Structure formats: C-alpha cells, structure tokens
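Please read the following report beside the sequence and the three-dimensional model. It moves from the chain as a whole to a few individual residues.

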Amino acid sequence: MSRIGKSPINIPSGVTVSIVDQLVTVKGPKGELQQEIDPVIDIQVEDNTVTFARPSDHKDHRSKHGLYRSLVNNMVVGVTEGYTIELELVGVGYRASSAGQELTLALGYSHPIVFMLPSEITVEADTKKGANPFVKLTSHDKQLVGAVASKIRSLRKPEPYKGKGVRYKNELIRRKAGKTASK
C-alpha cells in the first residue's frame, strides 16, 4: 500500500469534512475548499479521521491513492493554518508595492508591472532600506498561492550570472562564472 495514502488524516476541532457525490468539502476558520475525487478511490470520514482506500494494486489506483490523500490533507491544513510564500526581489531598482489586490512591481523593464491577485490571496509588499524588497503571499489554498507565486517569479526569473530576479525566499541559485579576459 501507499505509505502516504494509507495514513489517516486527523480532523482538528473547528473543521468539518463532508463528502457528497465524490466532492470533498472542507470548512474551517480560514475558509472553505472543495476537491473532486476520482470514484475509484473510496473515502470515509469517521471519528474525526479521514481514510482512503483503493480497490487494487493497479499502477493508476496506487498513484491516485496517495494523490487524493495529499490534496485533502493540504485542504485541512490550509483552512486551519493557511499557507505563506515569500518572494524576494534581487536587483538594483527592483521595487514592490501593494494596494488591495493589486501588486505593482518594478523589475527593470521600461514600465511597472501591475499584477491583479485573486480575492483568496492576501499580499504584503515591503521595501526596507539595506535589504531586498519582498512580497509575502498568504492564502488558505495551497495550489492557488503556489501558482500565483510561480507566475510572479516568471516575470523576471533569477539569472545565473549576477543572481538578479524574483526568487523564493532562501532559494539557492546556481551561479555561473562570467567571461574571463584572455591575455
């Protein structure tokens, strides 16, 4: 059996998990999330735990067993604790500012980039003197916050020579040696 799929999910207090026609709905203090589950995977909610079972050891069944368990676990953690991703802007003149759901980035282009965020995400942008500007994205939906952070990073990916660009906090960039003068 899948080591991930066979471990049950404990439901904390204040969180409700309901299943209607293979649609799992998780409600908690931070919000509500829904996920469609493949009918092949059997899901049971009993005694504040969620368990998953698969009908056979077919490769497709094994992969979906662990996948849906992870997705539902991410939903439970999201509605209780939430998820945060921090991005760091490395480069001279790179700036970030936020107003509501609008993130404005200056990334070395001739124009500022205005990025509209979904309503489920809260953003905090700050520029401190002597430190790189950062953007902090927070949401209860792990998939959404990851996709938005990836989209923002794709606006100016870190380059390998000077390391300039938008990177995740504590991300290591493989650096290359530049040209050397030959004599």
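How far apart are the mean positions of the positive and negative charges of the protein chain? The mean positions of the 27 positive and 19 negative charges are 16 Å apart, where Lys and Arg count as positive, Asp and Glu count as negative, and His and the chain ends are not counted. The place of a charge is taken as NZ of Lys, CZ of Arg, CG of Asp or CD of Glu.

This is a predicted model, in which local features need pLDDT of at least 70 and side-chain atom pairs count only at pLDDT 80 or more, while totals for chains, interfaces and linings use all residues. Residues are numbered from 1 along each chain as its sequence is written, and side-chain values use heavy atoms, with hydrogens and water left out.

## The chain as a whole

The protein chain holds 3 helices and 13 strands, these being DSSP runs (H or I over at least four residues for helices, E over at least two for strands) numbered from the N terminus. Its radius of gyration is 21 Å, well over the 16 Å that the globule rule gives for 183 residues, so the chain is more spread out than a compact globule. That radius is taken over C-alpha atoms, and the globule rule is 2.2 Å times the number of residues to the power 0.38. Taken along the principal axes, the box filled by the C-alpha atoms is roughly 70 × 45 × 25 Å.

Of the 183 residues, 36% are buried, with buried meaning under 20% relative accessible area, exposed over 50%, and partly exposed in between (1.4 Å probe, protein chains only). The accessible surface comes to about 11300 Å², and 49% of this surface belongs to carbon and sulfur atoms; such areas come from the Shrake-Rupley method with a 1.4 Å probe, and for residues only the protein chains shown count as cover. Among the contacts with a separation of 6 or more, 52% are made by residues 24 or more positions apart, a contact being heavy atoms within 4.5 Å.

## Selected residues

The table gives the accessibility of several residues discussed below.

| Residue | Relative accessible area | Class |
|---|---|---|
| Leu33 | 11% | buried |
| His140 | 12% | buried |
| Gln22 | 24% | partly exposed |
| Pro160 | 24% | partly exposed |
| Arg175 | 53% | exposed |
| Asn170 | 68% | exposed |

Leu33 belongs to strand β4, which covers residues 31-36. Not counting residues up to four places away in sequence, Leu33 touches Val24, Thr25, Val26, Met75, Val79, His140 and Asp141. His140, one of the partners of Leu33, is found in the loop between β12 (134-139) and α3 (142-154). With the same exclusion of residues up to four places away, the contacts of His140 include Lys30, Glu32, Leu33, Val79, Tyr83 and Glu120.

Thr49 is placed in strand β6, residues 49-53. A polar atom of the Thr49 side chain lies 2.8 Å from the backbone oxygen of Glu46, a polar contact being a pair of N or O atoms within 3.5 Å; within protein, one must be able to donate a hydrogen and the other to accept it, and residues adjacent in sequence count only if both atoms are side-chain atoms. Apart from neighbours within four places in sequence, Thr49 is in contact with Pro8, Ile9, Asn10, Ile11 and Gln44.

Which residues does Pro160 touch, not counting residues up to four places away in sequence? Pro160 touches Arg174, Arg175 and Lys176, and its own place is in the loop between α3 and β13. Arg175 lies in the segment after β13 and, leaving aside neighbours within four places, is in contact with Pro160, Tyr161, Lys162 and Gly163. A polar atom of the Arg175 side chain lies 3.5 Å from the backbone oxygen of Pro160, and a polar atom of that side chain lies 2.9 Å from the backbone oxygen of Tyr161. Arg175 and Pro158, 17 residues apart in sequence, are 10.0 Å apart from C-alpha to C-alpha.

Two further residues have a positive phi without being glycine. Gln22, with phi of about 65°, sits in the loop between β2 (16-20) and β3 (23-28). Asn170, with phi near 65°, lies in the segment after β13 (165-168).
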